[in-house]
Amino acid sequence: MSEKILLITYDNCDDSEVMYPYFRMLEAGYEVDVASLEKRTINAKYHYKIEAGLLPDEIRPELYAGLILPGGTAPEKLRQNADILNAVRYFMDNDLPVASICHGQQILISSGRISGRHATCYPGIRDDLVNAGALYENAPVVVDRKLVTSRRPEDLPYFMREFIKLL
């Protein structure tokens, strides 16, 4: 299995939802590749910046042990990219670990792979998740097979604990 993690994000991502998983994965011994809509410095909502080195059409999901989808307003843009949706489908269809937090679930919704799965999300997109066929639970973390979802930054310790267990 690969020792690499794929993190997909874009401008206006939530700082903590990118920073905490990124550094936690490094701490656990994984290499993290950041994919985005452009190869450049990605600016989070507040202060954090992270370098994106992969474009969506360069993603080779078979090289990764797991996928992280942070929230913020970035998923609203990312969910419109066919290559990103195809990468997410690869992870979901091959039962590989996927961790999605806050608004990251918008990407899961657009991938068409959330129906019938237990999940949680930011309260503001709860109806979207339910309308996509997910079985919504209001909990800090929900694990359904290899899918880990959480609601907000305060849930990050539970979110990353469960994702790391799956890896």
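Is cysteine 121 buried or exposed, and what is its relative accessible area? Cysteine 121 is buried, with a relative accessible area of 0%. Here, buried means under 20% relative accessible area, exposed means over 50%, and partly exposed is anything in between (1.4 Å probe, protein chains only).

## What you're looking at

This is a predicted model, so to speak of a local feature takes a pLDDT of at least 70 and side-chain atom pairs count only at pLDDT 80 or more, while totals for chains, interfaces and linings use all residues. Residues are numbered from 1 along each chain as its sequence is written, and side-chain values use heavy atoms, with hydrogens and water left out.

## Overall build

Along the principal axes, the C-alpha trace spans about 35 × 35 × 30 Å.

Of the 167 residues, 53% are buried. Take the contacts (heavy atoms within 4.5 Å) between residues at least 6 apart in sequence: 64% of them join residues at least 24 apart.

## Surface and charge

The accessible surface comes to about 7,300 Å², and carbon and sulfur atoms account for 47% of it. Areas like this come from the Shrake-Rupley method with a 1.4 Å probe; for residues, only the protein chains shown count as cover.

On the charge side, there are 19 positive and 24 negative side chains, and the centres of the two sets lie 3 Å apart. Lys and Arg count as positive, Asp and Glu as negative, with His and the chain ends not counted. Each charge is placed at NZ of Lys, CZ of Arg, CG of Asp or CD of Glu.

## The cysteines

You'll find zero disulfides here, a disulfide being a pair of cysteine sulfur atoms within 2.5 Å. Cysteine 102 is in none, and the nearest cysteine sulfur, in cysteine 121, is 8.6 Å away. For cysteine 121, that distance is too far for a bond. Cysteine 102 counts as buried at 7% relative accessibility.

## A look at leucine 85

Leucine 85 sits in helix α3 (residues 82–93) and is buried, with a relative accessible area of 9%. Leaving aside residues up to four places away in sequence, leucine 85 touches Arg79, Ile107, Ser110 and Ser111. Leucine 108 is 23 residues from leucine 85 in sequence, and their C-alpha atoms are 8.0 Å apart in space.

Key: Helix = DSSP H or I, 4+ residues; strand = E, 2+ residues; numbered from the N terminus.
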